Amino acid sequence: MKPNFSMRLRVFNLNCWAIPYLSKHRADRMKRLADFLNLESFDLALLQEVWSEQDFQYLRQKLLPTYPSAHYFRSNFGLGVEAGEGGTRNILALQLTFGLIIGSPYRSSHKGCGFELCSGAGPSTDRKNGIIGSGLCVFSKHPIQEFTQHVYTLNGYPYMIHHGDWFCGKAVGLLVLHLSGLVLNAYVTHLHAEYNRQKDIYLAHRVVQAWELAHFIHHTSKKADVVLLCGDLNLHPKDLGCRLLKEWTGLRDAYLETRDFKGSEEGCTMVPDNCYVNQKELQPFPCGIRIDYVLYKAVSGFYISCKTLKTTTGLDPHSGSPLSDHEALMATLCVRHSPPQQDPSSTHGAAENSPLVTVLREALTELDQAVAQAHRWATCAGYVIGLGLLLLAVLCSLAAGGGVREVAILLWTPSVGLLLGAGAVYTFHMQEAKGLCKARAELQHVLGRAREAQDLGPESQPALSLGHQEGNRAEDQ
C-alpha cells in the first residue's frame with residue numbers, strides 16, 4: 001500500500017420498515033429504494049427491517065448490476081445460537097403454531113472469541129430458521145470476503161406478542177471487505193425497540209444487546225484497518241447503551257464528527273414530517289429523534305473522517321414520498337494513511353478511563369435491578385407451578401373418588417394449561433436471568449480492569465481495551 005494512500009467510501013443506511021401485510025406501500029417503497037440505490041451507486045448499502053426474503057431477492061435482482069455482492073442475514077428467533085436440524089424442526093413447529101406473526105403493527109417511534117467466518121464466495125450456510133429473521137441485509141459494490149453474525153442473547157419477552165421483537169432474531173451482521181489492500185469490517189445491526197420511554201421494560205435487554213454488540217466488534221475487528229457500524233440502535237445519543245457502545249469500542253459518530261451536514265434538524269432519523277411516523281409518539285420530541293447511526297473508527301496507521309453526511313427529511317429526494325418511516329443516512333468517509341503517533345493513554349493518565357468506568361457502573365446498576373426482577377418473576381412462576389401441581393393432585397383424587405368427577409374433569413384442562421404456562425414463564429425468566437448474569441460478569445471484569453488501570457497508572461492501560469484506545473488515537477489525529 002502506498003504511503004500516500006487515500007480512499008473515499010460512500011455508505012447508505014436505512015431501516016426500511018418492510019413488514020409484509022402491515023407496512024404501508026411496502027412494494028412501491030422497495031421499488032423506489034432500488035431505483036435510488038442504483039442511481040446513487042454507493043459503495044455499501046446497509047439495510048434493516050427487510051423482514052421478507054422475497055423483498056431481499058427483489059432488491060438483489062434489481063441492484064445486481066450496481067451491487068454485485070450482497071448478503072441476507074438469516075437468524076432464528078428467541079434463541080442466541082444457530083439451530084441445527086433438530087432446532088429447525090422445533091422452530092418450524094412454532095411457525096405453524098404462531099402462523100403469520102411477522103412483526104408488530106404497533107410500531108413505536110423509539111425503535112423498533114474465536115468466531116468462525118464463512119466465505120462469501122459460496123452459498124450461504126445460514127439456515128432459514130425462525131418466523132421473521134434478523135431483517136438485516138447488505139449490498140456492496142466490492143466483493144465480500146467473509147461474513148458472519150451474532151444473534152443477541154436477550155430480545156424481549158415471548159408473551160409480549162403485540163410488540164413482536166422476541167419473534168425476530170435481532171442480530172449483528174459482519175462483512176469483511178478488502179479495498180485496495182485495506183481491510184474493512186462493516187457491521188449492521190438492529191436493537192430492540194423502545195415502546196415507552198417513561199416506563200421502559202426493555203432497557204436492560206437493550207443494554208445487554210449494546211454490550212454484546214460492542215464485545216462482538218472488539219473481538220472480530222482486531223485484524224481490521226477500518227471499522228464501520230451502521231444500523232437502527234433504538235438508542236438516543238445520550239442513552240446508556242449508546243454511551244457504553246462508544247466508550248468500549250472507541251467508535252465515533254458521523255453526525256458529531258462531520259463538518260458538512262445536510263438533512264433533518266439535529267440529525268434526527270424519525271421526524272414529524274414523515275407521513276409514516278406516529279405523530280402522537282413524537283410529541284415529546286418536536287424535532288424528532290436520532291436513533292439510527294453511522295459509526296466508525298480506524299486503527300493506528302490510518303485516519304478516517306466523515307467528509308459529508310446527509311439524511312432524508314421525511315421525503316424521498318426524487319419522488320417526494322418517504323422511503324420508510326425512518327430517514328436514510330448517507331455518509332462519505334475518507335480514509336488515508338497517518339503517521340504513527342504516541343499512544344494518548346500514556347500521557348493522559350488515570351483520568352482517561354473515567355468515562356468508561358462511569359458508564360460501566362451505570363450498566364451494572366441497571367443489570368443488577370434486571371437480574372433481581374427476573375428472579376422475582378421466576379419465583380412467582382415457581383409458586384404458580386407448585387399450586388398447579390397441588391390442584392392437579394386434588395382434581396385427580398376427586399375424579400378417583402367419583403363424587404364430583406364431572407367438575408374435576410372439567411377443571412383438568414385449564415389446570416394443565418396454567419401449569420404449562422407457568423412452566424414456560426419460569427423457564428424463560430430463568431434463561432433471562434442467566435443472560436443478564438453473563439453480561440454482568442463480563443462488565444464486572446472490565447470494570448475491575450479499568451479500576452486496576454487507574455490505580456496502577458498509565459503503564460497498565462494498554463492491556464485494558466484495544467478498541468477504547470484505538471478510538472482515542474483516531475480522535476487525537
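Trp 17 is buried in this predicted model, because its relative accessibility is 8%, under the 20% cut-off. Trp 17 belongs to strand β1. Its phi is near 45 degrees, a positive value in a residue other than glycine.

Glu 266 also has a positive phi, near 60 degrees, and is likewise not a glycine. Glu 266 sits in the loop between β11 and β12. It counts as partly exposed because its relative accessible area is 49%.

**The sheet**

In what order do the seven strands of the open sheet run? The order is β3-β5-β2-β1-β14-β13-β11, with mixed pairing. β3 (69-73) and β11 (261-262) are the edge strands, and each pairs on one side only. Strands of a sheet pair through backbone hydrogen bonds, either parallel or antiparallel.

| Strand pair | Sense | Bridges | A bridge partner pair |
|---|---|---|---|
| β3 and β5 | antiparallel | five | Ser 69 and Ser 140 |
| β2 and β5 | antiparallel | four | Leu 46 and Val 138 |
| β1 and β2 | parallel | six | Leu 14 and Leu 47 |

β5 spans residues 136-140. β2 is mostly covered, with seven of its seven residues buried.

**Helices on the sheet**

Helix α1 (residues 26-40) packs on the sheet. Its contacts there are with β1 (6-18), β2 (44-50) and β14 (329-337). The direction of α1 makes about 175 degrees with that of β1. Together, β1, α1 and β2 form a β-α-β unit, and this unit is right-handed.

Helix α2 (residues 53-63) lies across β1, β2, β3 and β5. It runs at about 175 degrees to β3.

Which residues of α2 are buried? They are Glu 53, Asp 55, Phe 56, Leu 59 and Leu 63. These residues lie on the same side of α2, because they cover an arc of only 150 degrees around the axis. An α-helix has 3.6 residues a turn, so residues three or four places apart point the same way. The buried residues of α2 pack against β1, α1, β2, β3 and β5. Gln 54 and Gln 61 are exposed, on the face of α2 turned away from its buried side.

**Asp 292**

Asp 292 lies in strand β12 (residues 292-298). Is Asp 292 buried or exposed? It is buried, because its relative accessibility is 2%, under the 20% cut-off.

What does the side chain of Asp 292 hold on to? There are polar contacts to two side chains. One joins Asp 292 to the side chain of Thr 269, at 2.6 Å. Another joins Asp 292 to the side chain of His 326, at 2.8 Å.Residues up to four places away in sequence aside, Asp 292 touches Asn 13, Asn 15, Gln 48, Gly 231, Asp 232, Thr 269, His 326 and Leu 329.

Conventions: Residues numbered from 1 in each chain as written. Predicted model: local features only at pLDDT ≥ 70, side-chain atom pairs only at ≥ 80, totals over all residues. Heavy atoms only, no water. Helix = DSSP H or I, 4+ residues; strand = E, 2+ residues; numbered from the N terminus. Buried < 20%, exposed > 50% of the residue type's maximum accessible area, 1.4 Å probe, protein only. Polar contact = N/O pair within 3.5 Å; in protein donor to acceptor, adjacent residues only side chain to side chain. Contact = heavy atoms within 4.5 Å. Pairing = 2+ DSSP bridges. Axes fitted to C-alpha atoms, helices over the stretch in contact; angles between N-to-C directions. Right-handed = clockwise from strand over helix to strand, strands pointing away. Arc of directions from axis to C-beta.
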